[in-house]
Amino acid sequence: MGRKHEQHHQRFARLRAFDADCDADAFAQGLLAGVDEAGVGPLAGPVVAAAVVLPEDFDLPELFDSKQLSASDRQHCEAVIREKALCFAISRIAPPTIDSINILNAMLRSHQRALQRLSRTPHVVLVDGHRAPRLPVAWKDTRLQTVVRGDATSMSIAAASILAKSDRDRLMLRLDRRYPGYGFGDHKGYGTAEHKDAIRRLGLSPAHRRSFNGWIEKEALEGEASGNLL
């Protein structure tokens, strides 16, 4: 085994051990779910959350935080997760809703909907970050735990991060074809210099979050003020 493979196995062992240590019974019974989202910060596109329940014997040494994997590694991991997971679900919250309820509430709603769509009720839910969604009223016996940097700590959260990011990236490729010129397929909606230049040229598309793009109006006002001083 090469050094890289050995490192991957050791890293995965830590992810798996974290889930097992959280609740050994829930983990062994396939009743521990991980939740994560992708797309909180972009100027365009939805926020996407995934919830996943993995079997006790799940084995995928390449698994890690989706943001730190190459596209090909994410694709491989996603295929294995979809095949081997006991169940998983995905939820998307569109830009108009993000604008209406704000991104934090949209993120939590996406978490909640993904969990509700699982085909089994988990006994433990691990959520990436500091904030956690409300669980369904019927899940009164389910324990909820937030995990800071969970996608690099928990096997289940890392798997959820892979599913969420992969789903969102595919959606941004479709939006790239629907609204050409913005480069959604390249930057996935994030606020790169190229993306902002495209917005200046083309204006906002229906895929953009109005509440994230107040900088355009600010630039216009600053330009007017600068012109008035000349």
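Start by selecting His-187 and Tyr-182: a polar atom of the His-187 side chain sits 2.6 Å from the backbone oxygen of Tyr-182. A polar contact here is an N or O pair within 3.5 Å, one able to donate a hydrogen and the other to accept it, with residues adjacent in sequence counting only if both atoms are side-chain atoms.

Before you go on, know that this is a predicted model, where local features need pLDDT of at least 70 and side-chain atom pairs count only at pLDDT 80 or more, while totals for chains, interfaces and linings use all residues. Numbering runs from 1 along each chain as its sequence is written, and side-chain values use heavy atoms, leaving out hydrogens and water.

**Stay around His-187**

Show the cartoon and you'll find His-187 in helix α7, residues 184–187. Helices (H or I, at least four residues) and strands (E, at least two) are DSSP runs, numbered from the N terminus. Is His-187 buried or exposed? His-187 has a relative accessible area of 12%, so it counts as buried; the cut-offs are under 20% for buried, over 50% for exposed and partly exposed in between, with a 1.4 Å probe and protein chains only. Now bring up its partners: beyond four places in sequence, His-187 is in contact with Tyr-182, Thr-192 and His-195 (contact means heavy atoms within 4.5 Å).

Next, click on Lys-188, in the loop between α7 and α8 (193–202). Lys-188 isn't a glycine, yet its phi is positive, about 60°. Lys-188 is buried too, with a relative accessible area of 17%.

For another positive phi, select Arg-149, a non-glycine at about 55°. Arg-149 sits in the loop between β5 (143–147) and α6.

**Zoom out**

Take in the whole chain: nine helices and five strands, in the order α-α-β-β-α-β-α-α-β-β-α-α-α-α. The C-alpha trace spans about 70 × 50 × 30 Å along its principal axes. The protein has 230 residues, and 50% of them count as buried. Of the contacts with a separation of 6 or more, 65% join residues 24 or more positions apart.

Colour α6, residues 155–178. Its 24 residues should span 34 Å at 1.5 Å a residue, and its end C-alpha atoms are 35 Å apart, which agrees; the expected span is 1.5 Å times one less than the number of residues. Most of α6 is covered, with 18 of the 24 residues buried. At its start, look for a side-chain oxygen of Ser-154 within 3.3 Å of the backbone nitrogen of Ser-156.

Then pick α5, residues 103–116, which reaches 20 Å from first C-alpha to last. Its start has a side-chain oxygen of Asn-102 within 3.1 Å of the backbone nitrogen of Leu-104. Among its buried residues are Ile-103, Met-107 and His-111. What do the buried residues of α5 pack against? Select β1, β2, β3 (87–93), α4 (95–101) and β4 (124–128) to see.

**A buried leucine**

Go to Leu-54, in the loop between β2 (47–53) and α3. With a relative accessible area of 2%, Leu-54 is buried. Residues that Leu-54 touches beyond four places in sequence include Leu-32, Ile-81, Met-155 and Ala-159.

**Finish in the pockets**

On a 1 Å grid over the protein atoms alone, a pocket is an open set of points where a 1.4 Å probe fits, with protein on both sides within 12 Å along at least five of seven lines, and lining residues have an atom within 4 Å of a point.

The largest pocket holds about 340 Å³ of space, a volume being the space filled by probe spheres set on the points. Of its 21 lining residues, Glu-37, Ala-38, Gly-39, Lys-67 and Asp-151 lie nearest the centre. The elements giving two or more residues to this lining are β1 (32–38) and α6, and α6 has the largest share, four residues.

Last stop: the second largest pocket, about 160 Å³.
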